[in-house]
Amino acid sequence: MKTLPSSLTAHLAGGFTTLCRCWRVDRRDGVVMGFTDFDRDLAFDGVTYRAASGFTASAIEGQLGLAVSNLDVQGALSADALTEEDLHAGRYDDAAVTIYLVNWSDVAQRAILRAGHLGQVSRGKLAFSAELRGLAARLDQPAGRVFQRSCAWDLGDARCGVDLNAPGRRALGAVSQVIDAFEFTASGLGGLAAGALNRGRLVWTSGGNAGLAVEIKAHAASGGLARIALVLPMGAPVAAGDGFAATVGCDCSFSTCRDSFGNTLNFGGFPHMPGTDFAISYPNQGAGNDGGRIE
């Protein structure tokens with residue numbers, strides 16, 4: 001049961017109310033934005049809640065227990081608030097959202113209606129719709145180890161232990177020519193062998209996508225230039241001169257961990273785990289069932 005501040009409770013009991021809703025969005029890159037369905041801007045806790053945002057929300061439904069309660073937030077794509085490029089670039093992925101019930105005549109009278117994180121976002125030509133997942137959604141996540149032959153760690157994380165800043169594993173480059181939305185040629189990667197960046201990570205250091213990261217699909221070299229193919233297109237167009245930092249990738253196999261990184265002690269998979277054929281096999285008469293190793 002939600003407990004409202006006494007001042008807001010008294011306002012609700014008065015019969016005549018001046019209420020609106022405000023949404024606070026905290027992106028993972030530190031940007032904080034505020035929106036309201038009131039007809040003028042409101043400000044509290046150091047955040048200005050913009051009225052010209054076109055935000056609307058579906059009904060809020062609460063449930064007992066650990067059932068995940070979701071609602072949808074819809075809004076118009078506005079150049080001074082939300083842009084299609086930012087949504088496409090993933091700047092709002094998993095952003096924290098807090099919804100307030102506010103007395104617009106006295107913003108000190110307010111209460112939190114719901115807090116959660118943005119989930120799936122769908123976009124149209126003029127508007128977007130974002131799913132707001134409640135706090136209980138955090139409990140609906142896989143936990144524990146996955147038993148598989150390939151490594152479960154991310155290259156370079158604390159469990160993997162590989163130093164991606166070591167020579168030959170990281171390089172700074174700049175875009176030379178854009179081929180299409182997925183591919184471009186780049187300079188500055190001459191110290192890396194062709195294919196070293198396959199499944200690697202690219203972080204933009206300048207240009208319209210500065211601060212964003214993307215996975216590298218393929219890496220080739222020819223004529224002193226590297227050709228990079230990305231798994232996904234970027235939110236803003238890539239342009240010649242855009243700088244980036246690229247780190248090598250890993251196919252998560254035991255042989256790559258051993259031969260390329262010498263890191264078998266930290267390998268996060270089970271390379272000798274029997275396959276499905278072995279697990280469901282059974283002895284056959286006359287098949288040499290002598291108790292020895294199965295080849």
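How many bridges join strand E13 to E14, and do the strands run parallel or antiparallel? Six bridges join E13 (residues 213-222) to E14, and the two strands run antiparallel. Strands pair if DSSP finds at least two bridges between them. Strands (E, at least two residues) and helices (H or I, at least four) are DSSP runs, numbered from the N terminus.

This is a predicted model, in which local features need pLDDT of at least 70, side-chain atom pairs count only at pLDDT 80 or more, and totals for chains, interfaces and linings use all residues. Residues are numbered from 1 along each chain as its sequence is written, and side-chain values use heavy atoms, with hydrogens and water left out.

**Strand E14 and its partners**

E14 (residues 225-230) also pairs with strand E11 (residues 183-187). Four bridges join them, again antiparallel. Ala226 of E14 stands opposite Ala186. Ala221 also stands opposite Ala226. The hairpin of E13 and E14 has two residues between the strands. There, Gly223 takes a positive phi near 60 degrees.

**Nonpolar cores**

A nonpolar core is a set of buried Ala, Val, Leu, Ile, Met, Phe, Trp, Tyr and Cys residues joined through side-chain atoms within 4.5 Å. Buried means under 20% relative accessible area, exposed over 50%, and partly exposed in between (1.4 Å probe, protein chains only). The largest core has 29 residues. Phe184, Leu202, Trp204 and Phe244 touch the most other members. Strands E10 (170-178), E11, E12 (201-204), E13, E14 and E15 (243-247) each give two or more residues to this core. E14 gives the most, with three residues.

Leu202 has contacts (heavy atoms within 4.5 Å) beyond its neighbours within four places in sequence, including Phe184, Ile228, Leu230 and Phe244. A second, separate core of 14 residues includes Val25, Met33, Tyr92 and Ile99.

**Salt bridges**

A salt bridge puts a side-chain nitrogen of Lys or Arg within 4 Å of a carboxyl oxygen of Asp or Glu. The whole structure holds seven. Three of these are tabulated, among them the Arg227 pair.

| Pair | Closest N to O |
|---|---|
| Arg24 and Asp26 | 3.0 Å |
| Arg227 and Glu183 | 2.8 Å |

Arg227 in E14 and Glu183 in E11 link parts of the chain 44 residues apart. Arg227 is partly exposed at 39% relative accessible area. Glu183 is also partly exposed, at 22%. Asp45 lies in the loop between strand E3 (42-44) and strand E4 (47-50), and Arg110 in strand E8 (residues 110-123), so this pair ties together parts 65 residues apart in sequence. Asp26, the partner of Arg24, is partly exposed at 23%.

**Asn263 and the cysteines**

Asn263 sits in the loop between helix H3 (254-259) and helix H4 (276-279). Asn263 is buried at 11% relative accessible area. Its side chain makes a polar contact of 3.0 Å with that of Asn266. Such a contact is a pair of N or O atoms within 3.5 Å; within protein, one must be able to donate a hydrogen and the other to accept it, and residues adjacent in sequence count only if both atoms are side-chain atoms. Leaving aside neighbours within four places in sequence, Asn263 is in contact with Cys160, Val162 and Cys257.

The structure holds zero disulfides, a disulfide being a pair of cysteine sulfur atoms within 2.5 Å. For Cys160, the nearest cysteine sulfur is that of Cys151, 6.3 Å away. Cys160 is buried at 7%. The sulfur of Cys250 is 5.0 Å from the closest cysteine sulfur, in Cys252, which is too far for a bond. Cys250 is buried too, at 17%.
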